[in-house]
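Please keep the sequence and the model in view while reading.

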Amino acid sequence: LDASWELDVFGGTRRNLEAATADLRAAVEDRRDVLVIMMGDVGTNYINLRGFQQQIEIAHRNLKAQRHNAEIIQKRYEAGFVGGLDVANAKAQVATTEATIPVFESSARAAIYSLGVLLGREPAALAPDLAKAAPIPPAPREIPVGLPSELLRRRPDIRRAEAQLHAATARIGVATQYSRGHERVEA
C-alpha cells in the first residue's frame with residue numbers, strides 16, 4: 001500500500017483543485033451550450049417543415065384555381081373574347097405554380113431528414129410521423145422578461161467563459177504560490 005500526502009503550505013494544491021473544478025464547470029456549460037443550439041436547430045427545422053407543408057397546400061389550392069382560370073380563358077379565347085396572349089399568360093401561371101410544388105416538397109423532406117439526424121435517428125426515420133401536414137405551433141403568449149443581466153447569466157456560453165476565467169485565475173494563483181514557495185525555500 002502506497003499513500004502519499006503533501007502538506008499544502010502555500011495553497012498550490014487548493015488552487016489546482018479550484019482550477020480543475022472551474023474547468024469541469026466550463027465543460028458542463030459547453031454541453032449545455034450544445035444542447036441549447038441543438039434544441040434551437042430542432043425547433044427551427046420543425047417550424048420550417050410545417051411552413052413548407054403549408055406552402056405545399058397553398059400551392060395546390062392555387063394550382064387548382066389557376067387551372068380553372070386557364071380553362072375559362074381558353075373557352076373565352078375559343079369564343080373570340082380574349083387574345084392568345086391571355087391564354088399564354090394563364091398557362092404560364094399554371095406552369096410556374098406547378099414548378100414551385102416540387103421545390104417545397106424537397107425542402108419539406110430535407111427538414112424531415114435534418115430532424116432525424118438532429119435527434120440521432122436515421123434521416124428518414126421520422127418521415128412516417130411528420131409527412132402529414134400539421135399547423136405551425138403557436139408562439140408562447142408570454143415570454144418571461146427579466147433584467148438583461150439575468151438573461152446573460154443564464155446563457156451557457158457566458159457561464160462557460162466565466163468558469164474559464166475562474167480556472168485561469170486559479171492557475172495564476174498556483175503559479176504565484178509556487179514561485180513564492182520557492183523563494184521562501186531558497187531563502
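Is Arg-32 buried, exposed or partly exposed? Arg-32 is partly exposed, because its relative accessible area is 38%, and the classes are buried under 20%, exposed over 50% and partly exposed in between, with a 1.4 Å probe and protein chains only.

**Basis of the model**

The model is predicted: local features need pLDDT of at least 70, side-chain atom pairs count only at pLDDT 80 or more, and totals for chains, interfaces and linings use all residues. Residues are numbered from 1 along each chain as its sequence is written, and side-chain values use heavy atoms, with hydrogens and water left out.

The mean pLDDT of the chain (the predictor's confidence in each residue, from 0 to 100) is 87, and 88% of the residues score at least 70. Confidence is highest in helix α2, at 97, and lowest in helix α4 (residues 148-154), at a mean of 75.

**Overall make-up**

The chain has five helices and zero strands. Helices here are DSSP runs of H or I with at least four residues, strands are runs of E with at least two, and both are numbered from the N terminus. Of the 187 residues in the chain, 22% are buried. The accessible surface, from the Shrake-Rupley method with a 1.4 Å probe and, for residues, only the protein chains shown as cover, comes to about 13600 Å². Carbon and sulfur atoms hold 60% of that surface.

A contact means heavy atoms within 4.5 Å. Among contacts in the chain with a separation of 6 or more, 76% are between residues 24 or more positions apart.

**Salt bridges**

Side chains of opposite charge can pair when their charged atoms come close. A salt bridge is counted when a side-chain nitrogen of Lys or Arg lies within 4 Å of a carboxyl oxygen of Asp or Glu. The structure holds eight salt bridges, including those in the table.

| Pair | N to O distance |
|---|---|
| Arg-32 and Glu-29 | 2.7 Å |
| Arg-67 and Glu-98 | 2.5 Å |
| Asp-157 and Arg-155 | 2.5 Å |

Salt bridges with shared partners join Glu-29, Arg-32 and Arg-159 into one network. Arg-32 and Glu-29 both belong to helix α1 (residues 12-79), where they are three residues apart, about one turn of the helix. An α-helix has 3.6 residues a turn, so residues three or four places apart point the same way. Glu-29 counts as buried because its relative accessibility is 8%.

Arg-159 lies in helix α5 (residues 156-186). With a relative accessible area of 24%, Arg-159 is partly exposed. Apart from neighbours within four places in sequence, Arg-159 is in contact with Glu-29, Arg-32, Arg-153 and Arg-154. Arg-159 and Asp-33 are 126 residues apart along the chain, and their C-alpha atoms are separated by 9.6 Å.

The salt bridge between Arg-67 and Glu-98 has an N to O distance of 2.5 Å. This pair links distant parts of the chain, with Arg-67 in helix α1 and Glu-98 in helix α2, 31 residues apart. Arg-67 is partly exposed at 40% relative accessibility, and Glu-98 is partly exposed with a relative accessible area of 33%.

Helix α2 has 35 residues, which at 1.5 Å a residue should span 51 Å; its end C-alpha atoms are 52 Å apart, which agrees. The expected span is 1.5 Å times one less than the number of residues. Buried residues of helix α2 include Val-87, Ala-90, Val-94, Thr-97 and Ile-101. Just after helix α2, Gly-120 takes a positive phi of about 75 degrees.

Which residues does Ala-90 touch, not counting residues up to four places away in sequence? Ala-90, placed in helix α2 (residues 84-118), touches Ala-70 and Ile-73. Ala-90 counts as buried because its relative accessibility is 8%.

Gln-66 is found in helix α1. Ala-90 and Gln-66 are 24 residues apart in sequence and 7.2 Å apart in space, C-alpha to C-alpha. Gln-66 counts as buried at 17% relative accessibility. Leaving aside neighbours within four places in sequence, Gln-66 is in contact with Gln-93, Val-94 and Thr-97.
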